[in-house]
Amino acid sequence: ATHFSVREMDLWAAAATQLGVAVENARLLRETQSALRMRDEFMSIASHELKTPLTPLKMSLYLMGRKL
């Protein structure tokens, strides 16, 4: 059986902790990137949907302004 010194055990524990942090950071990065993609897609759709009805309204206001 292999016996590890207290120092070796501490080093392995520190390495395991760092590995856990790295894995968690990678998970959080993936979640954040996914949320940003969803936000960008929503903003694109919302922007398009708002511009569509505003175009005829802007044209009507422009024509009304020219008549004055």
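In the structure, E31 is partly exposed, with a relative accessible area of 44%; partly exposed denotes values between buried (under 20%) and exposed (over 50%), computed with a 1.4 Å probe and protein chains only. The structure is a predicted model, in which local features need pLDDT of at least 70, side-chain atom pairs count only at pLDDT 80 or more, and totals for chains, interfaces and linings use all residues. Residues are numbered from 1 along each chain as its sequence is written, and side-chain values use heavy atoms, with hydrogens and water left out.

E31 is joined to R27 by one of them, at 2.3 Å from N to O. E31 and R27 lie four residues apart in helix α1, whereas R27 and E24 are three residues apart in helix α1; each spacing is about one turn of the helix. Helices are DSSP runs (H or I, at least four residues) numbered from the N terminus. R27 is partly exposed at 32%, as is E24 at 34%.

A salt bridge also connects D40 and R39, at 2.8 Å from N to O. D40 has a relative accessible area of 41%, and R39 has one of 47%.

A nonpolar surface patch of about 510 Å² is formed by L50, L54, L57, L61 and M64. Patches comprise residues with over 30% relative accessible area and no salt bridge, like charges being joined within 9 Å and nonpolar side chains (Val, Leu, Ile, Met, Phe, Trp, Tyr) within 5 Å. Accessible areas come from the Shrake-Rupley method with a 1.4 Å probe, and for residues only the protein chains shown count as cover. L61 belongs to helix α1, which spans residues 6-67.

Note on methods: A salt bridge is a side-chain nitrogen of Lys or Arg within 4 Å of a carboxyl oxygen of Asp or Glu. Helices (H or I, at least four residues) and strands (E, at least two) are DSSP runs, numbered from the N terminus.
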